[in-house]
Amino acid sequence: MKRMLFNATQQEELRVAIVDGQKLVDLDIESASREQRKSNIYKGVITRIEPSLEAAFVDYGEERHGFLPFKEVARSYFRPDAEPGRARIQDALSEGQELIVQVEKDERGNKGAALTTFLSLAGRYLVLMPNNPRGGGVSRRVEGEERNELRDTVEQLQVPEGMSVIARTAAIGRSLEELQWDLSYLLQLWHAIETAAGDRTPGADGKYVARPFLIYLESSLVIRAIRDYLQPDIGEILIDTQDIYDQACAFMQTVMPASVNKVKLYRDDVPLFSRFQIEHQIESAYARHVNLPSGGAVVIDHTEALVSIDVNSARATKGHDIEETALRTNLEAADEIARQLRLRDLGGLIVIDFIDMEAQRNQRDVENRFRDALRFDRARVQTGKISRFGLLELSRQRLQPSLEETAHTSCPRCGGTGFIRGTESTALHVLRILQEEAMKENTGAVHAQVPVDVASFLLNEKRSEIQKLEARLKVNIVLVPNLHLETPHYKVARLKHDELNLMEHVPASYEMVERPEEPAAPGEEGEAKKERQEAVVKAIVPAQPAPVVAEPRAEERPAVQPAAPALPAAAGAARGG
């Protein structure tokens, strides 16, 4: 039986896991220190229009301005004299203009958040797009006869003009009454958002001033997980803390009253995740090296452009020959890689280097096995075929920041590369820099702060060369062994004659040791500067109670894939397809 587990015993982290027996199927982690803004709705103000990028920068109340491409601007925001389809961004929009925007992609690194004005509100069974009349339809994950039945049901919904809806996979087998109730709730939510965005209350001076603010906050992880992951084949929802249990019960009672008996409070002394033996499986999602049952291994590396995954046979020797060993290892790797993509939430371009196989049939078997394993992924995945070099390329939709981005920090010593320059190589590099600085005109002295082992090498093995350099260029070279530095870090300072003459006291070399500044923890500075915004629209209660319909049992119909993501990705997919 499948179960949904909520672990919130540590207040810094809320973890949600889907398990099938004792096998971890999916994982979602929300950190209290990291604010996720994806799907939040804001009142924004255009601060700059960039015709060269065909985009505008929007202040939506956060530290860094958001990026709004012109193609993501609804026509209702165009100037009256702008021609739709032919207008340029500078002719259609203006600086200082107010917009209702939704975060489509969270901030990553130096990139600001990607915004859209085509809003999408996710419910349990439907996604409402209030200002996109051409974006409706049925989730791409619904296929065959179920798709036709669901499309017929959606066409009977009373959708206001100028709006559209997408039916999620959770809507399969649901009655028209249930879908209409979900739509009514989403319309109620949209009217509240519209009212809040249209508020033009004047300030103290009696004048209205355009200001950005948070209108609607996307649901907490508890509600999102139940809304997006809960399927008929999940028999229990186990929660190990009382407040999270109360949240889940309240949401289930409102939206799915027939399934509220699935929610149970876990009270055992054994930790919830340990009870189902998944803690070590979660740790594998943080590791670079993941072992396979037959003795093979998968190695996952992140680069600037893509994620590379290498499949190694390692200790796998169970096959009768090398071809069978390769096939067996690759089939196991296909299942494990699909699982790791979900657990780590890896997005973007991914390249897999499978073990070389001679037979075309074996290559097709691995491709088919991999596609089957990807069927349960909530993200949109596009896969290619295994090339003649044994590589398989795929692109996976980025639902949220990956596990590595949220849990890891870049190594301050190697800068995230995993390699550092050796002592001798660093010492020779510093020696060349010293010579370069000493040869500059008007140089009186060169001071170098270097790691202790580098200083030892320079002051012993390279002592004569430093002496020759000082004698030839008539420059004083001071090497300061610094305990606080490690290879490959160093600091070289060039002092001119004028600067030396102005110095009343030249400190001894041991007094020159500098202590480097401690780098601030990621997000610490931003949080100190600005508090999190409070949403204007919250706690919207449905006008009517949810219709009570018995939950279909998993054995009565084939298991369906998880519901589509809580958009705006689904809206983008609908617009694109």
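**Close-up views of a predicted model**

View 1. Strand 2 (residues 13-20) and strand 3 are paired in the antiparallel sense, with 8 bridges between them. In this predicted model, E13 stands opposite S31 in strand 3. Both strands belong to an open sheet of 5 strands, in which the pairing is mixed and the order is 3-2-1-14-15. Strand 3 (23-31) and strand 15 (263-265) form the edges, and each of them pairs on one side only. From one strand to the next, the twist averages 20°. Helix 5 packs on this sheet and touches strand 1 (2-7), strand 14 (234-239) and strand 15. The direction of helix 5 makes about 165° with that of strand 15.

**View 2. The contact of helix 4 with helix 5.** Two packed helices are described by the angle between their axes and the distance between the axes. For helix 4 (residues 221-229) and helix 5 (residues 242-255), the angle is about 45° and the axes are 9 Å apart. The two helices are therefore oblique to each other, and the crossing of helix 4 and helix 5 is right-handed. Helix 4 contributes V222, I223, I226 and R227 to the contact, while helix 5 contributes I244, Q247, A248, F251 and M252. By type, the residues of this contact divide into 7 nonpolar, 1 polar and 1 charged.

**View 3. Two hairpins that share strand 17.** Strand 16 (residues 289-291) pairs with strand 17 (residues 297-302) in the antiparallel sense over 3 bridges. In this pair, N291 stands opposite A297 in strand 17. The hairpin of strand 16 and strand 17 has 5 residues between the strands, and G295 in this hairpin takes a positive phi near 110°. Strand 17 also pairs with strand 18 (residues 307-312), again in the antiparallel sense, and here there are 6 bridges. D301 stands opposite S308 in strand 18.

**View 4. The loop between helix 8 and strand 19.** The loop between helix 8 (322-344) and strand 19 (348-353) contains D345. The phi of D345 is positive, near 55°, in a residue other than glycine.

View 5. Three strands make up an open sheet with the order 23-22-24 and mixed pairing. Strand 23 (476-482) and strand 24 (491-496) are at the edges, each with a single partner strand, so one side of each has no neighbour in the sheet. Neighbouring strands of this sheet are turned by 15° against each other on average, direction ignored. Strand 22 (residues 443-451) pairs with strand 24 in the antiparallel sense over 6 bridges, and T443 stands opposite K496 in strand 24. Helix 11 (residues 423-438) packs on the sheet and touches strand 22, strand 23 and strand 24. The direction of helix 11 makes about 165° with that of strand 22.

**View 6. The cis peptide bond at P488.** T487 and P488 are joined by a cis peptide bond, with omega about 10°. P488 lies in the loop between strand 23 and strand 24.

**View 7. The contact of helix 11 with helix 12.** Helix 11 and helix 12 (residues 452-460) pack with their axes 9 Å apart and at an angle of about 65°. That angle makes helix 11 roughly perpendicular to helix 12. The crossing of helix 11 and helix 12 is right-handed. On the helix 11 side, the contact is made by T423, E424, T426, A427, L428, V430 and L431. These residues meet D453, V454, F457 and L458 in helix 12. The residues of the contact of helix 11 with helix 12 divide into 7 nonpolar, 2 polar and 2 charged.

**View 8. The domains of the protein chain.** The domain assignment divides the protein chain into domain 1 (2-33 + 221-278), domain 2 (40-216), domain 3 (287-407) and domain 4 (423-502). Between the C-alpha centres of domain 2 and domain 4 the distance is 59 Å.

Definitions and conventions
Residues numbered from 1 in each chain as written. Predicted model: local features only at pLDDT ≥ 70, side-chain atom pairs only at ≥ 80, totals over all residues. Heavy atoms only, no water. Axes fitted to C-alpha atoms, helices over the stretch in contact; angles between N-to-C directions. Helix = DSSP H or I, 4+ residues; strand = E, 2+ residues; numbered from the N terminus. Parallel < 35°, antiparallel > 145°, perpendicular 65-115°, else oblique. Left-handed = near helix turned anticlockwise from the far one by under 90°. Contact = heavy atoms within 4.5 Å. Nonpolar A, V, L, I, M, F, W, Y, C, P; charged D, E, K, R; others polar. Pairing = 2+ DSSP bridges. Domains from an automatic or database assignment.
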